Amino acid sequence: MSMADARAKVWAVVAALTVIALVVPHSNPFVILLATRALAFAILVMSLDLLLGFTGLASLGQAAYLGIGAYLTAILATRYQFGLGYDFWLVVALGMLGGAALAAMFGLLAIRATGVYFLMITLALGQCVWGLAYRWNSLTGGDNGIDLPQRPKFGIDLANAVTFFYVVLGFFAISLLILYTVTRSPFGRSLAGIRERELRMKILGYNTWLHKYLAFIIAGAFGGLSGVLWAHTAGIVSPENVVLTTSVDALLMAVLGGPGTLIGGLIGASVVLFIREYLSTLVHWWQYVLGGVYVLVILYLPGGLMSIPARIRQWRTSQSALASARRLATESQSLSSTASGGG
Amino acid sequence: MRWPSTCAKLSDKGRPGEGDATVDARFWLIQTFNGVSYGALLFLVGSGLSLIFGVMRIVNLSHGSYFLLGGYVALSVIWATGSWLLAIPVAVLTVALIGLVMERVFLRPLGFDPLRQVLLTVGFAFLFQQAALDIWTGNPFDITPPAALRRIVVIDGLHLPLYRIFMIGVALAIGLALWLIMEKTRLGATIRATVDDAQMARGVGIDTSFISMLIFALGALLAALGGVIGGAFLGVYPGLDFEMLPIAFAVVIIGGMGSLGGAAIGALIVGLADNFGKALFPEVSYFTLYAPMALILAVRPTGLFGRE
């Protein structure tokens, strides 16, 4: 990708986010809610994309980090009334720290594994967190989960849907910026090298374990942040948030949007949440649409929805190449026929 | 309309006069019995998953759906004909056919990309979920086995449901049959060769594509059998698919992927851990199930009995 190309893409993303910021608040409350949810969840999907798209590690337990951030927020808010004023920012920091700490612990077990085994071990670790959330009634409220009393209020009132939307959008934009910077840094380049060929990176003298471990921790921190926001978006935290299907959702959204694109996470999250929360109110067979979209994208569009423009461009160049080849062929044919006619 | 006593328990009479020690010993006996019989069911689900992974290196996330679909198809057969005995073969063969089509039409053309395979199987799990909702509604059902199997055997004050003994018998029979096929037949030898080194197996003329198809169908069949048998005491309801899936993975991972003996040991460990975990430390019971799974994976990625 050339510099100019990359810059054009950055401007496209900035423009898209500006449009979202301007248009969404003027639409109906349902759209605002849906957009807020998609943005909060997209942070989790982006954190997963750092592992999946940039490092080549497919995690099936990413919901665990959303869970730790969300449960931390809910428990602090209900038990200690902590995090409902200016201390919300402390909870944000704690949520990220919690996610990072959990990832630091899990990473010690998981990072050594590769490919399918990494999938399995992250699945197992995610299920550990789910097991605790589901069964540890005295702490997590078990199956019922924890209802959050209210959204934080500090100068601005996050109970206002539009205000809260802007806050979540802000968090999303900052997360995107930080993750983008990370992936463009020398560290991020080394991650891509590990994704392409780990052995070669090792031979070149890179500590690939440490690189993957750090990427895992960064992903955990943003997962925690996404959890803090999700808790306040949904108003309830329950084992549903850490169950295997939530992790699977995150993985599918990342692939649907386009792995290795970061912003694809928002597209994936938006499409899935739109189908699940809006289409489901219209038709009862919405899950066929969801399953069908997944199957079709995986079969025919491995680069996700973000790869569609490139696909079209590729198709066009191949078409024009084909056309010019045909023209050349007919020209040479007529040339040779006149030549043979002349002889 | 769940039939009574699906769990073994202590006799209500004849308690007084007994020492604490005997009651204690019986508690352990009963929990062990419940754990082993649950493990028998898990073996059916886990062995199929393990075979599929061993031969094809596919992490099949629609395995839980096969389990659930097995239960649902069996219910339909029972409603139509009233025959539980007929329900078993119809259900397992239907699901085996679904598995076969999925492998041939979708998984095989995808090639060997683990991530895409995993995601494709999830996509199908969602499709199956919706199909099950449409066909069998969202209501929970139970599969009621014949009266002969609903009896309770009383041994020395221990009430043991015959059905759980039957489950252990089925698992033993299936395990034995699988073992005989794998170890004593030519087909089994080609399967083992494919598990150990697919490339080499192709090199010596084994049709590994055919083996894959066969194993995928067999795995789906075993999961469906588990669904029919387990439908009697777990029930059949939406969401059971994704509840069963991680437990089946725990079995396979602890035992080692691709190994039948490993699946048996894994099923036993998970069955017992689940029962004792729930009885002794209810608050962390699932944690006690999945934490060992993660630890085993970290230390020995191929599981306790897996080969690499």
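In this predicted model, the contact between α2(A) and α12(A) draws on residues from both helices. From α2(A) come A:Leu34, A:Arg37, A:Ala38, A:Leu39, A:Phe41, A:Ala42, A:Val45, A:Met46 and A:Asp49. Facing them in α12(A) are A:Gly264, A:Gly265, A:Leu266, A:Gly268, A:Ala269, A:Ser270, A:Leu273, A:Phe274, A:Glu277 and A:Tyr278.

Helix α2, residues 29-55 of chain A, packs against helix α12, residues 264-282 of chain A, at an angle of about 135°, and their axes are 8 Å apart. Because of that angle, α2(A) is oblique to α12(A). The crossing of α2(A) and α12(A) is right-handed.

I move next to the interface between the chains. Chain A contributes 37 residues to the contact, and chain B contributes 34 residues. On the side of chain A that touches chain B, the elements giving two or more residues are α5 (115-135), α11 (244-257) and α13 (286-300) of chain A. Which of these elements gives the largest share? That is α5(A), with 16 residues. The side of chain A that touches chain B comprises 28 nonpolar, 7 polar and 2 charged residues.

Finally, the domain arrangement. Chain A is divided into domain 1, spanning 13-303, and domain 2, spanning 305-343. The C-alpha centres of domain 1 and domain 2 of chain A lie 47 Å apart.

How values were computed:
Residues numbered from 1 in each chain as written. Chains lettered and ligands numbered in written order. Predicted model: local features only at pLDDT ≥ 70, side-chain atom pairs only at ≥ 80, totals over all residues. Axes fitted to C-alpha atoms, helices over the stretch in contact; angles between N-to-C directions. Helix = DSSP H or I, 4+ residues; strand = E, 2+ residues; numbered from the N terminus. Parallel < 35°, antiparallel > 145°, perpendicular 65-115°, else oblique. Left-handed = near helix turned anticlockwise from the far one by under 90°. Contact = placed C-beta atoms within 7 Å. Nonpolar A, V, L, I, M, F, W, Y, C, P; charged D, E, K, R; others polar. Domains from an automatic or database assignment.
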